[in-house]
Amino acid sequence: MTQPEVVIVVVAAGSSTRFGGDKLEAQVGGRSVLERALAAVRAPFPGAPAVLVVRAEHLEEARARWQPQGVRVVAGGAQRLDSVKNGFAALAPADDAIVVIHDGARPFVPADDVARVVAAASDTGAALLVAPVVDTVKRLRPDGTVETTVPRDRLARALTPQAFRAGVLRSAWEAAGDTFWTDEAALVERQGGAVAAVHGDVRNVKVTNPDDLAVVAGAFPRQTRVGQGVDVHPFAAGRPLWLCGVELPGETGLAGHSDADAALHAVTDAVLGGCGCGDIGEHFPPSDERWRNVPSKIFLRHAVTLAAQRGWRVTGCDVTLLAEAPRIAPHRAAMRARLAELLDLSPDDVTVTATTSVGMGFVGRREGIAALAVVTLEPSAHT
Ligand code: MG
């Protein structure tokens, strides 16, 4: 059997009123919702002509973004059904081609689900992905009380993509005239056409409210990066001692160009390393007079900003201090709190431990302090 010709329409012309902000640009698994939706629906048919339908005011921006990737971009209409028609018109498919229609707000759909709905449409003329209704369903009265319990055994939730023979859609549109339909499956149903229901992955969620992002994010592999940093500074009499952004009064300080906070330097290097941004010496060379005696929190905040610009946020931090003196335990809570503040974390996500080197080496001879840091980073949830 020869593969049917497939064309793809992705509708992204809604107004996101329930979301507050553009939900299609929200990040899920490190990429935008729309980027994910397009990639997911195109995956099983990489060569298929695809059109993205956007709001007229986003047309130029969307063309610059998507046309280089082989996606045509056209303006949508007042309602979803108009947008689908516009996308269809731009593709002008032959009557026996399969038109795949997908919501730009559905970032996750397995390639196999797309392929199965296309195969079903090829057989039946029209098909959509559905998911079971797992909760008991109630019909309510206008006053908010329950009127009845609706049997759910034959109910299903309509997902996308939906797929149709282009000729089936053309006839249905012609017959429907100016009436309203919520999706193209409803349009074909109304004309009495058979629509095959194909059970799909229940993680195929339409992002409508901000909370939906967290739900659908679970469908994507979690991306975690690890960064490590190490720093060593010798003791220097007459200087204050700063560690983890906290001053330890009455203790011998460390020699260095800045405030010599070895712990913050190690954490800064860990953040920079984790997001592939070089190292602290590159961004803040000791030869630069601007950094003389400055508080090292400046370095760490800069590293966090650079990480954010690259789409990463720190999710955890573990610092180990190697020192014979001073005792760290009395300062641990303050250190965790300060690190948490600098890294935009909760103190629960930060640990600070200390150990001696049992008399051995430069730490054992009380010549200086070494700091080791590990941080974890994940893609930012939002741009
Ligand atoms: Mg240093």
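Start by selecting helix α8 (residues 262-274) and helix α10 (residues 297-309), which pack at an angle of about 10° with their axes 9 Å apart. Axes here are lines fitted to C-alpha atoms, for helices over the stretch in contact, and angles run from 0 to 180 degrees between N-to-C directions. The two helices are therefore roughly parallel (angles under 35 degrees). Show side chains in the contact (heavy atoms within 4.5 Å): among them are Leu264, His265 and Val267 of α8, and Phe299, Leu300 and Ala303 of α10.

You are viewing a predicted model, in which local features need pLDDT of at least 70, side-chain atom pairs count only at pLDDT 80 or more, and totals for chains, interfaces and linings use all residues. Residues are numbered from 1 along each chain as its sequence is written, and side-chain values use heavy atoms, with hydrogens and water left out.

Asp231 (OD), His233 (NE2) and His265 (ND1) coordinate the magnesium ion at 2.1 to 2.3 Å; donors are N, O and S atoms within 2.8 Å of the metal (3.2 Å for Na, K and Ca), and sites may look incomplete because water is not among the atoms. His233 sits in strand β12 (residues 225-236) and His265 in helix α8, so this pair ties together parts 32 residues apart in sequence. Both count as buried (under 20% relative accessible area, 1.4 Å probe, protein chains only), His233 at 10% and His265 at 8%.

Next, select the open sheet of 7 strands, ordered β5-β4-β1-β6-β10-β7-β11 with mixed pairing; strands pair if DSSP finds at least two bridges between them. Its edge strands are β5 (71-75) and β11 (196-199).

Notes:
Helix = DSSP H or I, 4+ residues; strand = E, 2+ residues; numbered from the N terminus. Parallel < 35°, antiparallel > 145°, perpendicular 65-115°, else oblique. Buried < 20%, exposed > 50% of the residue type's maximum accessible area, 1.4 Å probe, protein only.
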